[in-house]
Amino acid sequence: MRITQYTDYGLRVLMYLGVHRDVITPMPQIAKHYGISSNHLMKVTQQLAKLGYVESTRGRSGGLRLIREPKDINIGKVVREMEPMDIVECFGSNGHCVIEPGCRLKGVLGRALRAFIRELEQHTLEELLDNRDELALLFAASSLQRS
């Protein structure tokens with residue numbers, strides 16, 4: 001299974017904010033650390049705010065901060081909320097395939113997708129931050145390299 005870049009960025013933002021819980025972080029700073037487009041990341045952070053994971057503050061001293069405890073952020077739920085789950089055309093509401101009535105592929109892929117999500121649901125953001133100190137050092141190093 002593969003998640004979209006959009007969802008990947010969403011998870012990375014949550015990890016970054018989880019490491020930097022004590023500060024309001026400007027979104028361009030997060031983009032810089034990961035070496036990704038601020039414009040693209042803005043769309044991701046807007047959805048994270050809409051979903052209630054982060055708070056976004058505008059203005060000169062504005063930025064983002066995590067508003068849920070990392071232990072309460074389920075990775076599977078985040079992926080389900082951000083990721084389109086139509087991995088093949090026949091999963092979508094507009095999908096149509098001529099062999100759909102007799103096709104067993106949809107069932108196999110559906111079970112695989114459910115297993116993928118079930119595995120992700122076993123994990124929280126807190127688990128991804130178990131090595132918080134190491135992540136903080138990596139973020140600091142990436143900041144020095146991109147200066």
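**A hairpin, a pocket and a helix**

Strands β1 and β2 make a hairpin with five residues between them, and G59 in the turn has a positive phi of about 105°. Strands here are DSSP E runs of at least two residues, helices are H or I runs of at least four, and both are numbered from the N terminus. This is a predicted model, where local features need pLDDT of at least 70, side-chain atom pairs count only at pLDDT 80 or more, and totals for chains, interfaces and linings use all residues. Residues are numbered from 1 along each chain as its sequence is written, and side-chain values use heavy atoms, with hydrogens and water left out.

The two strands, β1 and β2, run antiparallel and pair over four bridges (pairing takes at least two DSSP bridges).

Two or more lining residues come from each of α2 (27-34), α3 (38-50), β1 (54-57) and β2 (63-66), with α3 giving the largest share, four residues.

Then there's helix α1, residues 5-19. Buried residues in α1 include Y9, L11, L14 and L17, buried being under 20% relative accessible area, exposed over 50% and partly exposed in between, with a 1.4 Å probe and protein chains only.
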